[in-house]
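Work through these exercises with the model open beside you. Try each task before you read its solution.

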Amino acid sequence: MADQKKTLTIKGMHCASCVYRVEKELKQVSGVTDAVVNLANNRATVTCDPDEATDSKLKEAVKGAGYEALMKEEINETQLEEGKRK
């Protein structure tokens, strides 16, 4: 399967060292060909084989670096749930 781009929101980053740790962990996931983390918008863009680098593996890698990750799809669901509670 062709590589895909996946977007994750990373919670808890505050400096360039945080960005480095998250990128390093993501790049070690099997199937990942590239990972770029943006501190300004707290997002990681991962280029990967989606069959090999599953969402759960990517989130686990971010957790291993000491941060929390949400997939783009999860953020939309979270916003919907919060809207229902208001």
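The model is predicted.

**Exercise 1. Find which strands pair with S1 (residues 4-11), and over how many bridges.**

Solution. 
- Step 1. Strand S3 covers residues 43-48, and six bridges tie S1 to S3 in the antiparallel sense.
- Step 2. Now take Leu-8. Its bridge partner in S4 is Met-71.
- Step 3. Strand S4 spans residues 68-71 and pairs with S1 over four bridges, again in the antiparallel sense.

**Exercise 2. Work out the strand order of the sheet, and say which strands stand at the edges.**

Solution. 
- Step 1. One example is Val-37, whose bridge partner in S3 is Ala-44.
- Step 2. The open sheet has four strands in the order S2-S3-S1-S4, with antiparallel pairing.
- Step 3. Look at the ends. S2 and S4 each have a single partner strand, so they are the edges, and one side of each lacks a neighbour in the sheet.
- Step 4. From one strand to the next, it averages 25 degrees.

**Exercise 3. Decide which residues of H2 (residues 55-64) are buried, and why they lie on the same side.**

Solution. 
- Step 1. List the buried residues of H2: Leu-58, Ala-61 and Val-62.
- Step 2. Check their directions. They cover an arc of only 100 degrees around the axis, so they sit on the same side of H2.
- Step 3. Recall the helix rule. An α-helix has 3.6 residues a turn, so residues three or four places apart point the same way.
- Step 4. Turn to the face away from the buried side. There, Ser-56, Glu-60, Lys-63 and Gly-64 are exposed.
- Step 5. Find what the buried residues of H2 pack against: S1, H1, S2, S3 and S4.
- Step 6. Gly-66 takes a positive phi of about 100 degrees.

**Exercise 4. Describe how H1 and H2 pack.**

Solution. 
- Step 1. Helix H1 lies across S1, S2 and S3, and runs at about 165 degrees to S2.
- Step 2. Give the angle and distance. H1 and H2 pack at about 140 degrees, with their axes 8 Å apart.
- Step 3. Classify the angle. The two helices H1 and H2 are therefore oblique to each other.
- Step 4. Name the contact residues. H1 supplies Val-22, Glu-25 and Leu-26, while H2 supplies Leu-58, Ala-61 and Val-62.

Technical notes:
Residues numbered from 1 in each chain as written. Predicted model: local features only at pLDDT ≥ 70, side-chain atom pairs only at ≥ 80, totals over all residues. Heavy atoms only, no water. Pairing = 2+ DSSP bridges. Buried < 20%, exposed > 50% of the residue type's maximum accessible area, 1.4 Å probe, protein only. Arc of directions from axis to C-beta. Contact = heavy atoms within 4.5 Å. Axes fitted to C-alpha atoms, helices over the stretch in contact; angles between N-to-C directions. Parallel < 35°, antiparallel > 145°, perpendicular 65-115°, else oblique.
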